[in-house]
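Subject: Structure handover and what was found in it

Dear colleague,

I am passing the structure below to you, together with an account of what was found in it. Please read the text beside the coordinates.

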Amino acid sequence: FTQLPSCGTPTPGTGVAPLSSPVAVSCGFDHTGIVAEDGLYLFGRNNRGQCGRHASGQRGEKEPPDFSEDVASPRPCAVPSNVRVKAVACGGEHTLVFTEDRH
């Protein structure tokens, strides 16, 4: 076996706001969902709207590919104030959320 070189001491990234108490995480093909005490955060590829933001759905067909719809760091996803997200499941190009009242 080959020993990998040390990457040094981990340090917080820049430009990423700390999340309040993450309680669940799910990774899809190219995007990630995080359930925190204060809500749902999504980031990554958003070509089909899987990060909760409008998308044209055309990224794969463009030459060169357009990355402008992608979400580079965790951003809050709009959820109605009376809905509490309990879990998230990210797939290939979709995101499912499970709520406290099972909607």
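Starting with Cys90, and setting aside its neighbours within four places in sequence, this residue is in contact (heavy atoms within 4.5 Å) with Ser26, Cys27, Gly28, His31, Thr32, Gly33 and Thr95. Before going further, please note that this is a predicted model, in which local features need pLDDT of at least 70 and side-chain atom pairs count only at pLDDT 80 or more, while totals for chains, interfaces and linings use all residues. Residues are numbered from 1 along each chain as its sequence is written, and side-chain values use heavy atoms, with hydrogens and water left out.

Cysteines

Cys90 counts as buried because its relative accessibility is 13%, whereas Cys27, at 55%, counts as exposed; here buried means under 20% relative accessible area, exposed over 50%, and partly exposed in between, with a 1.4 Å probe and protein chains only.

Overall fold and core

The chain contains 0 helices and 6 strands, and along the sequence these follow the pattern β-β-β-β-β-β. Helices (H or I, at least four residues) and strands (E, at least two) are DSSP runs, numbered from the N terminus. Of the 103 residues in the chain, 27% are buried, and among contacts between residues at least 6 apart in sequence, 40% join residues at least 24 apart.

Cys90 also belongs to the largest nonpolar core, whose 9 residues are Val35, Leu40, Leu42, Cys51, Val71, Cys77, Val85, Val88 and Cys90. Such a core is a set of buried Ala, Val, Leu, Ile, Met, Phe, Trp, Tyr and Cys residues joined through side-chain atoms within 4.5 Å. At least two residues of this core come from each of strand E3 (39-44) and strand E5 (85-90), and E5 gives the most, with 3 residues.

Val79 sits in the loop between E4 and E5 and, at 31% relative accessibility, counts as partly exposed; leaving aside neighbours within four places in sequence, Val79 is in contact with Leu40 and Val85. The C-alpha atoms of Val79 and Leu40 are separated by 7.7 Å, although the two residues are 39 apart along the chain. From Leu96 to Ser26 the C-alpha distance is 10.0 Å, across 70 residues of sequence.

Salt bridges

Taking a salt bridge as a side-chain nitrogen of Lys or Arg within 4 Å of a carboxyl oxygen of Asp or Glu, the count comes to 3. In one of them, Arg45 meets Asp30 with an N to O distance of 3.1 Å. Arg45 lies in the loop between E3 and strand E4 (71-76), and Asp30 in the loop between strand E1 (22-27) and strand E2 (31-36), so the pair ties together parts that are 15 residues apart in sequence.

Arg48 pairs with Glu93, their closest N and O atoms being 3.3 Å apart. This pair links distant parts of the chain, with Arg48 in the loop between E3 and E4 and Glu93 in the loop between E5 and E6, 45 residues apart. Arg48 is partly exposed at 43% relative accessibility, and Glu93 is partly exposed at 39%.

Glu100 and Arg84 also meet in a salt bridge, at 3.3 Å from N to O. Because Glu100 lies in the segment after E6 and Arg84 in the loop between E4 and E5, the pair ties together parts that are 16 residues apart in sequence. Arg84 is partly exposed, with a relative accessible area of 40%.

With best wishes
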